[in-house]
Amino acid sequence: MGELLRLDAVSRAYGAVVVADAQSWSLAAGEALGVIGPNGAGKTSMFNLVTGTLSPQSGRIWFDGRDVTDMPAARRCRAGMTRSFQVPQPFGGMTVFENTLVAATQGAGERGAKAEATCLEVLARTRMMPKANVLARSLTLLERKRLELARALCTRPKLLLLDEIAGGLTDSECGSLVQTIRDVRETGVSIVWIEHVVHALMAVVDRLIVIDFGRVIADGEPHAIMASREVREIYLGLDADV
Amino acid sequence: MTHAVTRSSRTSRIAAVVGVVLLLGLSAAPWWAGRADMRLMGEIFLYLSLATLWNLLAGYAGLVSVGQQAYVGLGGYALFGLTILVGVPAIWAIPLAGIIGALVAVPVAVLIFRLRGAYFAIGTWVIAEVFRLTAAQVSALGGGSGTSLPADVVRAMAEGRDAREALAYWLALGVAVLVIGLAFAILRSRLGLALTALRDNELAARSLGIDIWRTKFIVYIATAGLTAMIGALIFIQKLRISPDAGFSVNDWTAFVIFIVVIGGIGTLEGPILGTLVFFALRETLADLGTIYLIALGVVAIVVMLRAPSGLWGLIRARAGAELFPISHRVRGETQQGDR
């Protein structure tokens, strides 16, 4: 399988606060990668760098064979990468269907009946069809998260970046969301997923990286990573000499 | 079960029929209305057009300009300059004023798009002041005291006063239909979808592939050109222009913002309702002088506190009505939120 995304020594700091410190890693086409790390480690900043809402101070980002480091966010989306936001960002005054239509027409560049068909198909797949005519501002948290996913899918992405999409959901809500994401994976979409709900993550991803202080401190098979010393130090607060 | 997407509703179809009938009646006004009524209606159409444009700009594209008087004045001065100095017939000077407005707006946009939020608003005002001060330097057009449209230019427009008044009225009605029709076409299109998304959430819009700068640029240039055209029409009615009248922030921006805000910003119907309310207040209270302005202020404050989405927002929340079929409805299985 070819390489879809590569970060090459990407760095970014806000004054003394380093959110990305010479970060290098890559993602193969079709792969599902999980990202974990403590709060403030720079996980969402990494998404901002990848999608183009934040510019790196040094390093390059490659996507689908192209150097996208200087490409604006909107063009990166049209090139095939989409994200969901940790705090859902719906178009509140538009209906759920119209939210997805924005993604299909602007992100995927589809028109007319084809764009509408894409939206209807995705709404069915993400189980949002019953809410199609509801204004997005009146949705519940789960529905907003599903809308984030639906909208992202309507841009017909090659790469889907999910930012804590399972956070704040009940177990059963989380379970059905995980199923939906697995279905998405089946269609060949590559996924990078930041998540604190580790069991949800483990059910989907085939590789895991750990980020702390803007650096990748571990990268490998999920179960091995979770059992590793670095992760236990971060998550269980163990001292280095235990 | 299959689903289909529809856009029109029973309300919008009724509104379309009523709109056409109303338009036919209004086009015939020179045969049934007096001169004073026609002047008032002409003014209403021009304010309706200005309000619709400002709504596109501020309500959708998020460009809260308090300097649209720059283009009203520019259009007015373009009309006077083209007719007096170049000898262009007044009728042709109107579309030309629009083109000049759009062209001038290009460098202005490049400059002020670097500013955000409140800074943008102040920037637009400063630009308008620069335009006003520049106009006052043009001695060929009367400098600071302004000038009148020469009698031969006025006479060349149409034979006789009645014909001229009718022409000015039709032009005002025509431009209102053009502006609302264009705003409707834009909002129904792919660009409109991008604009509506921009209105609701800029961050998400950008992440879903919308080129924000380009979208705002298109809207700014289009509204500037049309605003300049309206400016030319306003001063064809007035027959006289001066820097203070042409670039008045009160007349061409403050009243327009009032109309859009009380009517309902970010909806196509809002400015129409707002224009009607504004003129109803003005025609009943204007004789009271200062009290009229106090009343306008009170109405604005009450609406902003009690109905931040304007009077149309209130109606829409209660009845779910939409006169212009812009939104999409999915039909098929039972949908929640159907009305």
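Angles under 35 degrees count as roughly parallel, over 145 as roughly antiparallel, 65 to 115 as roughly perpendicular, and anything else as oblique. Keep that handy for the first exercise, and remember that this is a predicted model.

**Exercise 1. A helix pair in chain B**

Work out how helix 14 and helix 16 of chain B are oriented to each other, and what makes up their contact.

*Solution.* 
- Start with the geometry: helix 14 (residues 269-285) and helix 16 (residues 310-319) of chain B pack at about 120°, and their axes are 7 Å apart.
- Now classify the pair: helix 14 and helix 16 of chain B are therefore oblique to each other.
- For the handedness, helix 14 of chain B passes helix 16 of chain B in a right-handed crossing.
- Next, the residues: helix 14 of chain B brings Glu269(B), Gly270(B), Leu273(B), Gly274(B) and Val277(B), while helix 16 of chain B brings Gly310(B), Leu311(B) and Trp312(B).
- Sort the residues of this contact by class and you get 4 nonpolar, 3 polar and 1 charged.

**Exercise 2. Helix 9 of chain B**

Decide how far helix 9 of chain B is enclosed, and find what covers its buried residues.

*Solution.* 
- The cut-off to apply is 20 or more other C-beta atoms within 10 Å for a buried residue.
- In helix 9 (residues 190-200) of chain B, 8 of the 11 residues are buried, so this helix is largely enclosed by the rest of the structure.
- Those buried residues are Leu193(B), Ala194(B), Leu195(B), Thr196(B), Ala197(B), Leu198(B), Arg199(B) and Asp200(B).
- The cover includes helix 3 (35-60), helix 8 (161-188), helix 10 (202-207) and helix 11 (212-238) of chain B, along with helix 3 (96-107) of chain A.

**Exercise 3. Where the chains meet**

Describe the side of chain A that touches chain B, by helix and by residue class.

*Solution.* 
- Count first: 30 residues of chain A are in contact with 28 residues of chain B.
- Then look at the helices of chain A: helix 2 (73-78), helix 3 and helix 4 (112-125) each supply at least two residues of the side that touches chain B.
- Helix 3 of chain A gives the largest share of that side, 8 residues.
- By class, this side of chain A has 14 nonpolar, 10 polar and 6 charged residues.

**Exercise 4. Chain B as a whole**

Is chain B compact or extended for a globular protein of its length?

*Solution.* 
- Chain B contains 16 helices and 4 strands.
- Its radius of gyration is 21 Å, close to the 20 Å that the globule rule gives for 339 residues, so chain B is as compact as a globular protein of that length.
- Along the principal axes, the C-alpha atoms of chain B fill a box of roughly 70 × 50 × 40 Å.
- As for burial, 42% of the 339 residues of chain B count as buried.

Notes. Residues are numbered from 1 along each chain as its sequence is written. Chains are lettered from A and ligands numbered from 1 in the order in which they are written. This is a predicted model: local features need pLDDT of at least 70, side-chain atom pairs count only at pLDDT 80 or more; totals for chains, interfaces and linings use all residues. Axes are lines fitted to C-alpha atoms, for helices over the stretch in contact, and angles run from 0 to 180 degrees between N-to-C directions. A crossing is left-handed if the near helix is turned anticlockwise from the far one by less than a right angle, and right-handed if clockwise. Two residues are in contact if their C-beta atoms, placed from the backbone, lie within 7 Å. Ala, Val, Leu, Ile, Met, Phe, Trp, Tyr, Cys and Pro count as nonpolar, Asp, Glu, Lys and Arg as charged, and the others, Gly among them, as polar. A residue is buried if 20 or more other C-beta atoms lie within 10 Å of its own, exposed if 12 or fewer, and partly exposed in between; C-beta atoms are placed from the backbone. The radius of gyration is taken over C-alpha atoms; the globule rule is 2.2 Å times the number of residues to the power 0.38.
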